[in-house]
2 protein chains.
Amino acid sequence: MATDERSDDRLAIDDLRNAWVVLSTDERVLGFGLLSPDQAEEFFLNLPPADAAELLAALPSQDRRRWMRLLAPDDAADLIQAAPEEMRHSLLELLDESTRREVSGLLAYKEDRAGGIMNPRYARLRPDMSVDEAITYLRRQARENLEMVYYAYVVAPDGELLGVVSFRELFSARPDVNVRDVMHTDVITVDEQMDQEAVTHIFAEHDLIAIPVVDAARKMKGIVTYDDIVDVVEQEATEDIQKIGGTQALGAPYLSLTMMEMIKKRVGWLAALFIGELLTATAMAYFEDEIARAVVLAMFVPLIISSGGNSGSQATTLVIRAMALGELRLRDWWRVIQRELITGLALGTVLGVMGFVRVVGWNMIKPVYGEHAIHLGLVVFFSLIGVITFGTLMGSLLPFVLRRCRIDPAAASAPFVATLVDVTGLVIYFSVAILFLSGRLL
Amino acid sequence: MATDERSDDRLAIDDLRNAWVVLSTDERVLGFGLLSPDQAEEFFLNLPPADAAELLAALPSQDRRRWMRLLAPDDAADLIQAAPEEMRHSLLELLDESTRREVSGLLAYKEDRAGGIMNPRYARLRPDMSVDEAITYLRRQARENLEMVYYAYVVAPDGELLGVVSFRELFSARPDVNVRDVMHTDVITVDEQMDQEAVTHIFAEHDLIAIPVVDAARKMKGIVTYDDIVDVVEQEATEDIQKIGGTQALGAPYLSLTMMEMIKKRVGWLAALFIGELLTATAMAYFEDEIARAVVLAMFVPLIISSGGNSGSQATTLVIRAMALGELRLRDWWRVIQRELITGLALGTVLGVMGFVRVVGWNMIKPVYGEHAIHLGLVVFFSLIGVITFGTLMGSLLPFVLRRCRIDPAAASAPFVATLVDVTGLVIYFSVAILFLSGRLL
């Protein structure tokens, strides 16, 4: 569909790509060996870093040098970071002197910082070149292995970033004016230590194709380009989604994890939540007398606590995502609480009415709840309002609390909030029941 | 932090941007009016389409033309699409003749198709130009309002896409050879009707900065660029996250929805889930006699059903995300079931043991469960294995079923799966209890 159907080349690559996740390492090496040199090159350059490292480890050692040298410095750094500890040094050794220095520089950054995702090669100009000289100079730079995109950066001899000029502006400028006269000095930059998620927000706000990375002295270190950012955006969203779902972030495609790894990533949270849920048994035991006297109360326990959990799950999910997109900041907590209080009361009232109708209406058709049906209906009505309002508030507050404690807000997963609300929900429900049914059913 | 701190210009823009969501329309117009012409231009170009449309509607009519004409055709189309129905025609009228034709063409596509996100302007070359002529020609094209990125497209007189050449290749080629000799004919393209989420996968697989959009006859229609794709990736992830959390996709930033809109987006699913949860009351009523005879059974109801819900929430989240990333396809369902069956049994066993220890261990300290503690412990043990395995299978299967029925798999939200598992979990739990406790507690 995306491919040129007249070309058999593409088919071979796509076949291998589709089969990739289910192939063993040996089969991968075999399949890779069947590609033509051009195909192999394209295929290798598009492999995720961890897969590329694994493939490289399985190839004969004399082939490795060639493949490593094909990579741009930032991709080489990613591959080395994804390789097993003991392989890293020897992979670095395969690079030529100057690239090795660039890659070592990149490896010094944390993976999730602007410096860790940038490319140290970019199109650079001097301010006192003429536009015509600049274009010729760029043509020469293009001949080297340079990830050249939309902008050329104007850099002083000491490395300070002076300005930026888009290729379009350079192309359309009069040939005899100086670069200094066409460049913009008001450049959007990011600091080399900026968190990658913050970098994605800068990209989204300014709609740029590349952003220069500078150090504290405004010395030019490299550029972050759009293709890096798409990967970061997908990866951050995946981590958030998985955390919201109540697992550790998998960190690898679903099918490529072994069963043991998969279970390990999931059992931790599940066991922690289970320990939290054990409190429900304690809470229930506390109200054992009430249940023994009015078994009918037990009937509505799952309904009440699940409704609280569902409303909490909605609230936490919305707030976590809004935070990740930069729509909500820490200082917005009070506005969110106000909104969620009203939302919770409204949602609770709607569901409360539905619950009341279920109890009282059903009792008219089949009088199972006897003379106390209306009181039981009121217990369900008020409990639902209380539990849903509480769930909504909990779900929206918790991400703020976590962020305040410098923990990833996405850890306030839907199951985590549901568990918190289950325990409190039981207390709310039975307290309301005692209030309304004392002297009647209780 | 991202901004050049030496520049006051940036501060004014950033202040307005930060305050934007909390400002009324009148305040927005006021703040926008305070910006310098350059600032206002940058600010306007970076507004989300809906906000830009709202601002435009509030500006004096003589200003609107100028702002509309500032937009690239794809951005103009987005703005018009985001404007209220009755404004659209008059906005279109503000554009010049040729742009209006382009924008009308774009508006004919559905928003979520490749044709709906593409830009109809791109750098185009003829195959029989020399490299030097091509560079000169590109310089002329650059002077027009052209979103020029990394590639130039070689197009036949009838519009058929013949090949692509990167600027880098063009720059570094010998000046006297023809474009035909340096271009690649094996071009990755997308069809104008391709779904935007599929387009993001093509980008991710091939690491390109722009992809040409063609029709069924391979005629060139426009290009989709990376900046469009980042927006799509964020937007699709946001929709998925919100659906997984059990609400309708908000479709707008959290704080920009009115309370009424917010409640509307959330009440639908919550009420539907509530109706599903009503079945738990029915299931509980079915086992009312057992509960009356052994009230202790009620104690563990929240624990058992929540554990099932949590494991189902994990499974559905992982599968939905893996599908969205293209890691899992419909045909993988059987492999997923096998993996999730084993995972569910393993997780169930771990939690089952914890539950058994809670019941039997607690009884040794405080003999609340009497002589039947071990049997009760076994009921909890086997129920947890059953419920968690069932939850895991349900959670992983449901997204496949929905996709098979051409419904968005993300509708298999965590709360939805939890509700399904609650009802079944009760039946599993009480059935196991009857099996183990008949003649003892029951």
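Which residue stands opposite Val214(A) in S5(A)? The answer is Asp191(A). The views below set this pair in its surroundings.

**About the model.** This is a predicted model, in which local features need pLDDT of at least 70, side-chain atom pairs count only at pLDDT 80 or more, and totals for chains, interfaces and linings use all residues. Residues are numbered from 1 along each chain as its sequence is written, chains are lettered from A and ligands numbered from 1 in the order in which they are written, and side-chain values use heavy atoms, with hydrogens and water left out.

**View 1. Three strands of chain A form an open sheet.** The order is S4-S5-S6, and the pairing is mixed. Strand S4 (190-191) and strand S6 (220-225) are the edge strands, and each pairs on one side only. Strands here are DSSP runs of E with at least two residues; helices are runs of H or I with at least four, and both are numbered from the N terminus. Two strands pair if DSSP finds at least two bridges between them. S4(A) meets strand S5 (residues 210-214) in the parallel sense, over 2 bridges. Asp191(A) stands opposite Val214(A) here. Strands of a sheet pair through backbone hydrogen bonds, either parallel or antiparallel.

**View 2. A hairpin joins S2(A) and S3(A).** Strand S2 (residues 151-155) and S3(A) run antiparallel, joined by 5 bridges. Val155(A) has Leu161(A) as its bridge partner in S3(A). The hairpin has 5 residues between the strands. Gly159(A) takes a positive phi near 95° there. Is strand S3 (residues 161-166) largely enclosed or open? In S3(A), 5 of the 6 residues are buried, so the strand is largely enclosed by the rest of the structure. Buried means under 20% relative accessible area, exposed means over 50%, and partly exposed lies in between (1.4 Å probe, protein chains only).

**View 3. A salt bridge links Asp408(A) and Lys243(A).** A salt bridge is a side-chain nitrogen of Lys or Arg within 4 Å of a carboxyl oxygen of Asp or Glu. The closest N and O atoms of this pair are 2.6 Å apart. Asp408(A) lies in the loop between helix H20 (373-404) and helix H21 (414-437), and Lys243(A) lies in helix H14 (residues 226-244), so the pair ties together parts that are 165 residues apart in sequence. Asp408(A) is partly exposed, at 31% relative accessibility. Lys243(A) is partly exposed too, with a relative accessible area of 22%.

**View 4. In chain B, Asp408(B) and Lys243(B) meet in a salt bridge.** The N to O distance is 2.7 Å. Asp408(B) sits in the loop between helix H20 (373-404) and helix H21 (414-437), and Lys243(B) in helix H14 (residues 226-244). The two residues are 165 residues apart. Relative accessible area is 29% for Asp408(B), which is partly exposed. Lys243(B) is partly exposed, at 23%.

**View 5. Arg101(B) and Glu97(B) form a salt bridge within one helix.** Their closest N and O atoms are 3.7 Å apart. How many residues separate them in helix H8 (residues 97-107)? They are 4 residues apart, separated by about one helical turn. Arg101(B) is exposed, with a relative accessible area of 56%. Glu97(B) is partly exposed, at 48%. Over all chains, the structure holds 18 salt bridges.

**View 6. Phe381(B) is a buried residue of helix H20.** Its relative accessibility is 17%, so Phe381(B) counts as buried. What does Phe381(B) touch, not counting residues up to four places away in sequence? Its contacts (heavy atoms within 4.5 Å) are Thr349(B), Gly352(B), Val353(B) and Phe356(B). Thr392(B) is 11 residues from Phe381(B) in sequence and 17 Å away in space, C-alpha to C-alpha.

**View 7. Chain A can be laid on chain B with an RMSD of 0.1 Å.** Copies are superposed by least squares on the C-alpha atoms of residues with pLDDT of at least 70 in both. The move is a turn of 180° and a shift of 0.0 Å along the axis. The two copies are thus related as by a two-fold rotation axis. Of the interface residues of chain A, 100% are also interface residues in chain B, so the copies meet through the same surface.
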